[in-house]
Amino acid sequence: MLNKYARAFFTRVLTPFAAFLIRRGVSPDAVTLLGTAGVVAGALVFFPRGEFFWGTIVITLFVFSDLVDGNMARQLGRTSRWGAFLDSTLDRVADGAIFGGLALWYAGSGDDNMLCAVSIFCLASGQVVSYTKARGEAIGLPVAVNGLVERAERLVITLVCAGLAGLHKFGVPGIQVLLPIALWVVAAGSFVTLIQRMVTVRRESAEADAAAAQESGTAS
């Protein structure tokens, strides 16, 4: 849902900014690299120290590069396999940094091994959810399923709740509980999404194998 509606909205909003960068001679790949570097820095500098509010602000400023670079490529008419590969690969790096930063907090000053483990599960499951779709498509299947919690949902839930939890340092009482809730929700949602994609790939592969066998039998 977020990919369908929010992405379209922000793409329209960011189009003038993308056009400005093009006029300044900035390449889409440079925006991709800079955006990922900013997200990684924000996550690994602020989150392990418990600075969730400022970390979220920094990450949010850079995470929109994921929309800007694609917008620039379309305006330039330069969409390419390399650009798509680079963007997808660095998305995984950014996601890993966000949940890795949270895991470092809970492994250190946050002092909560359970939430450290949940953060690591969110990191790993997010990578595997993305892999299942990529692998399914690589073997020629459409993987036609909208998962319960995909990348956009994982980021929004985690970053919104992390940013709000960071207000605890500004004197807002009890709000820090939002981050653990978010991590459990993302973990559960990612697990459900993984199952959804595996079931879909199993069904689609069985249908494709049956169609291939029927076609082979007809040909002979």
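T158 sits in helix α7, where helices are DSSP runs of H or I with at least four residues, numbered from the N terminus. The model is a predicted one, so local features need pLDDT of at least 70 and side-chain atom pairs count only at pLDDT 80 or more, while totals for chains, interfaces and linings use all residues. Residues are numbered from 1 along each chain as its sequence is written, and side-chain values use heavy atoms, with hydrogens and water left out.

With a relative accessibility of 1%, T158 counts as buried (under 20% relative accessible area; exposed is over 50% and partly exposed is in between, with a 1.4 Å probe and protein chains only). A polar atom of the T158 side chain lies 2.8 Å from the backbone oxygen of R154. Setting aside neighbours within four places in sequence, T158 is in contact (heavy atoms within 4.5 Å) with I98, F99, L102, L179 and V186.

Two of those partners, I98 and L179, turn up again in the largest nonpolar core. Such a core is a set of buried Ala, Val, Leu, Ile, Met, Phe, Trp, Tyr and Cys residues joined through side-chain atoms within 4.5 Å. At least two residues each come from α2 (28–46), α3 (52–63), α5 (81–107), α6 (113–138), α7 (151–165) and α8, with α5 giving the most, 8 residues. Residues up to four places away not counted, I98 touches V39, A43, F47, I59, L155, T158 and L159. A second, separate core of 7 residues includes L21, V31, L67 and V68.

On the surface, F121, L148, F191, V192, I195, M198 and V199 form a nonpolar patch with about 630 Å² of accessible area together (Shrake-Rupley method, 1.4 Å probe; for residues, only the protein chains shown count as cover). Patch members have over 30% relative accessible area and no salt bridge, and nonpolar side chains (Val, Leu, Ile, Met, Phe, Trp, Tyr) are joined within 5 Å, like charges within 9 Å; a salt bridge is a side-chain nitrogen of Lys or Arg within 4 Å of a carboxyl oxygen of Asp or Glu. Helix α8 (residues 178–219) gives the most to the patch, with 5 residues. M198, found in α8, is partly exposed, at 49% relative accessible area.

Overall, the chain has 8 helices and 0 strands, and 40% of its 220 residues count as buried.

Note on methods
Polar contact = N/O pair within 3.5 Å; in protein donor to acceptor, adjacent residues only side chain to side chain.
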